[in-house]
Amino acid sequence: ERAQLVQSMVGSPDVEMANGKIWLYGIPYDYGFPYFPVMFLAYLPFRPLVHGIGGIRLGNAFWMLTALAGILVLVRRLVRDSDGKALAWWAGVAFLGLPVFGQELLEYAVTDVLVAAISIWAFIALDAKKHLLSGLLFGLAQGCKLFPGPFLLLPVLLWLGRSRRSVRVSIGYLAVTLATVVPWIAWDWRRFLSSTILFYLTHHQEGDDTALYYF
């Protein structure tokens, strides 16, 4: 698996092989888990239940249901009249009907649905005026991988403007993000940078389309 990964990376933009090492943006690449720690921790409980990649598929099924429940709750909160219930179920059908789900989540075991599930509940907390909780959940989404965390948070902060609500969201987000990332940067910043951020940027330059894009 590692050999295939290395072979796919060489020849990509900003990737070169020199002195027997792969260099990403001029920094030596250290093979490791390519995402931030929350992604690993969120799937860890499923590992003892099903061996190998099946544990990730089981986790994806759980997080799909978590996202579906969030969609039903969020649409019902946003549309409170008699049409809300019907619209909520139609939103759920549209979510489960995404053609990419069956293959990418339940066959390839792409884990992006975790980010979607956490983010939906972050918006539910925001709508419920639980601003600190919303920030904590956005921080968990950020703790999964480099993107799309910043692109989710920025419009929320712009919408809230200069207010206590914005401060609470920011505090929650920064607290979880820093608690998730800083220990690994302090331990070995070069390895963390190369195996997560630089690898992620390089990998996605090659057109890695995952379930979150469709979502």
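Reply: What follows takes the labels in turn, for a model that is predicted.

Me: Why is Thr-180 called buried?

Reply: The relative accessible area of Thr-180 is 10%, and the word buried applies to values under 20%, so Thr-180 falls in that class. Thr-180 has its place in helix H9, which covers residues 164-205.

Me: How do you know that the side chain of Thr-180 has a polar contact with Val-176?

Reply: A polar atom of the Thr-180 side chain lies 2.7 Å from the backbone oxygen of Val-176; the cut-off for such a pair of N or O atoms is 3.5 Å, and the distance therefore meets it. Leaving aside neighbours within four places in sequence, Thr-180 is also in contact with Pro-37, Val-38 and Gly-143.

Me: What makes S2 and S3 paired strands?

Reply: Pairing requires at least two bridges, and two bridges join strand S2 (residues 21-24) to S3, so the two strands qualify as a pair. They run antiparallel, and Trp-23 has Pro-28 as its bridge partner in S3.

Me: Why are S1 and S3 said to stand at the edges?

Reply: The open sheet is made of three strands in the order S1-S2-S3, with antiparallel pairing. Strand S1 (15-18) and strand S3 (27-28) each have a single partner strand, so one side of each is left without a neighbour in the sheet.

Me: Which residues have the most contacts inside the largest nonpolar core, and which element gives that core its largest share?

Reply: That core has 44 residues, and those with the most contacts inside it are Met-39, Tyr-43, Trp-63, Leu-114, Phe-138 and Cys-144. The largest share, 10 residues, comes from H6, while helix H3 (53-78) and H9 are among the elements that give two or more residues. Apart from this core lies another, of seven residues, including Ile-22, Ile-27, Tyr-29 and Leu-198. As for Trp-63, its contacts beyond four places in sequence are Ala-42, Tyr-43, Phe-46, Val-113, Leu-114 and Ala-117.

Me: What lines the second largest pocket, and which element gives the most to its lining?

Reply: The second largest pocket has a volume of about 360 Å³, and of the 15 residues that line it, the closest to its centre are Phe-33, Trp-184, Trp-187, Phe-192 and Ser-195. H9 gives the most to this lining, with seven residues, and the elements that give two or more residues are H2 and H9.

Technical notes:
Residues numbered from 1 in each chain as written. Predicted model: local features only at pLDDT ≥ 70, side-chain atom pairs only at ≥ 80, totals over all residues. Heavy atoms only, no water. Helix = DSSP H or I, 4+ residues; strand = E, 2+ residues; numbered from the N terminus. Buried < 20%, exposed > 50% of the residue type's maximum accessible area, 1.4 Å probe, protein only. Polar contact = N/O pair within 3.5 Å; in protein donor to acceptor, adjacent residues only side chain to side chain. Contact = heavy atoms within 4.5 Å. Core = buried A, V, L, I, M, F, W, Y, C linked by side-chain atoms within 4.5 Å. 1 Å grid on protein atoms, 1.4 Å probe; cavity = no way out; pocket = protein on both sides within 12 Å on 5 of 7 lines; lining within 4 Å. Points joined across faces, edges and corners; volume = space filled by probe spheres on them.
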